[in-house]
Amino acid sequence: MLVTDHVADLLLERLRGAGLEVDYRPGISRGELLRIVHGYDALVVRSRTRVDREVIERAERLKVIARAGVGLDNIDVEAARERGIRVVNAPAAATQSVAELTIGLLIAAARRLAESLELARGGVWKKVMGFELYGKTLAVIGFGRIGRRVAEIARAIGMKIVAYDVVDLSSHAEKIGAEFTRDLHEALRRADAVTLHVPLTPETWHLIGRREFEAMKRGVILVNTSRGPVVDSEALLWALEEGIVAAAALDVLEHEPPATEAEKRLVSHPRVFVTTHIGASTREAQQRVAEETARKLIEALAAQCGAD
Ligand code: NAD
């Protein structure tokens, strides 16, 4: 099998321990991948490698694609399905880590930690005025695994939750004392803080754009730990300048590292707190990802080979 991104040593250990032959080529170029992919039964990637139709069509022997992580937006799942290739991932492994980071970013934005840090580093001992999260309303956009966990922790802080999803998840909301709505703009209108937890799909690309910012209260906080393109960067800059968004905390950008002028301005904006896509970067999440990916990959490969 071919591993094209940096993965935990534990994952490599598990695969080799199962007797599989592993070619570890993290950072391989797209050209090289296209040239050699035909020789492998399994492909293991994280989020860097784009496994699109072109790669899949060249992968004559490929039986399984494993994404060592959560999101499948870098894999053309439909093209894989058409060729009978199984796609496996570790969907729940990072839930707690991403939820904890989200809450951390929420607090960082409400208490203006980035500004205070800058002042302290510059030797300026000045206070910055923030606000409490207690009693405020948090809109959770996408009420799946991570959204629900964020909502549970935010409830413990004393926040009110209004959850939005395309699927009716009102019974899940009820269990944790959250309100549920199928109307995105209603959730946005009521929120003091907005947190995004949808997958990246054609429907969620720029889900939060100018019209959505216009629906938000002045002084709202935006946290995005989902996928960068869910937010229109130009529209976010506009909303920051207009004073609609008081502060934004982003673990993800439309391009990583930032490539457009708007993204570069966001990274250096005094009221924007950017982290380097570290949502799943904890020892615990990576251990779960390694164990779950290895187990599913080994099972899928055995099933696919049995079916040959
Ligand atoms: P999940 O599949 O459990 O939940 C996603 C929810 O979004 C589902 O309830 C789904 O119904 C809903 N949804 C889908 N399309 C929607 C739409 N158009 N409008 C509203 N809701 C919609 O996924 P999860 O495990 O909670 O992950 C959520 C996000 O977090 C994903 O984007 C994932 O890629 C991202 N993530 C980021 C990191 C990181 O490092 N920052 C790590 C892991 C996951």
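Is Pro-26 buried, partly exposed or exposed?

Author: Pro-26 is partly exposed, because its relative accessible area is 27%; buried means under 20%, exposed over 50% and partly exposed in between, with a 1.4 Å probe and protein chains only. Please keep in mind that this is a predicted model, in which local features need pLDDT of at least 70, side-chain atom pairs count only at pLDDT 80 or more, and totals for chains, interfaces and linings use all residues. Numbering runs from 1 along each chain as its sequence is written, and side-chain values rest on heavy atoms, with hydrogens and water left out.

You will find Pro-26 in the loop that runs between strand 2 (23–24) and helix 2 (30–36); helices (H or I, at least four residues) and strands (E, at least two) are DSSP runs numbered from the N terminus. Setting aside neighbours within four places in sequence, Pro-26 is in contact with Val-3, Thr-4, Asp-5 and His-6, where contact means heavy atoms within 4.5 Å. Thr-49 is 23 residues from Pro-26 along the chain, and the two C-alpha atoms are 9.5 Å apart.

Let's step back to the whole chain. It splits into domain 1 (2–93 + 283–307) and domain 2 (95–274), bounds that come from an automatic or database domain assignment. Seven residues of domain 1 and five residues of domain 2 make up the contact. Between the C-alpha centres of domain 1 and domain 2 the distance is 31 Å.

The ligand lies between these domains, because both domain 1 and domain 2 give residues to the shell around it. That shell has 25 residues, and Arg-145, Ile-146, Asp-165, Val-198 and Asp-251 come nearest; a residue is counted as near if one of its heavy atoms lies within 4 Å. By type, the shell holds 12 nonpolar, nine polar and four charged residues; here Ala, Val, Leu, Ile, Met, Phe, Trp, Tyr, Cys and Pro are nonpolar, Asp, Glu, Lys and Arg charged, and the others, Gly among them, polar.

On the nitrogen side, a polar backbone atom of Thr-225 lies 3.1 Å from a ligand nitrogen atom. On its own the ligand has 870 Å² of accessible area, and the protein covers 86% of that, by the Shrake-Rupley method with a 1.4 Å probe.

Asp-165 also leads us to Thr-181, which touches Val-162, Ala-163, Tyr-164, Asp-165, Glu-186 and Ala-187, not counting residues up to four places away in sequence. Thr-181 belongs to strand 8 (residues 179–181) and counts as buried because its relative accessibility is 6%. A polar atom of the Thr-181 side chain is 2.9 Å from the backbone nitrogen of Asp-183.

Next comes helix 11 (residues 233–242), which is mostly covered, with seven of its 10 residues buried. Among them are Trp-238, Leu-236 and Ala-239. The buried residues pack against helix 10 (210–215), strand 10 (220–224), strand 11, helix 12 and strand 12. At the start of helix 11, a side-chain oxygen of Asp-232 comes to within 3.1 Å of the backbone nitrogen of Glu-234. Gly-243 follows helix 11 and has a positive phi, near 80°.

Further along, in the loop between strand 11 (245–250) and helix 12 (261–268), sits Pro-257. The peptide bond joining Glu-256 and Pro-257 is cis, with omega about -5°. Most peptide bonds are trans, and most residues other than glycine have a negative phi. His-277 is not a glycine, yet its phi is positive, about 55°. His-277 lies in the loop between strand 12 (272–274) and helix 13.

Helix 13 (residues 283–307) holds our last stop, Gln-304. At 15% relative accessibility, Gln-304 is buried. A polar atom of its side chain is 2.9 Å from the backbone oxygen of Gly-84. Beyond its neighbours within four places in sequence, Gln-304 is in contact with Lys-63, Val-64, Gly-84, Ile-85 and Arg-86.

Key. Polar contact = N/O pair within 3.5 Å; in protein donor to acceptor, adjacent residues only side chain to side chain.
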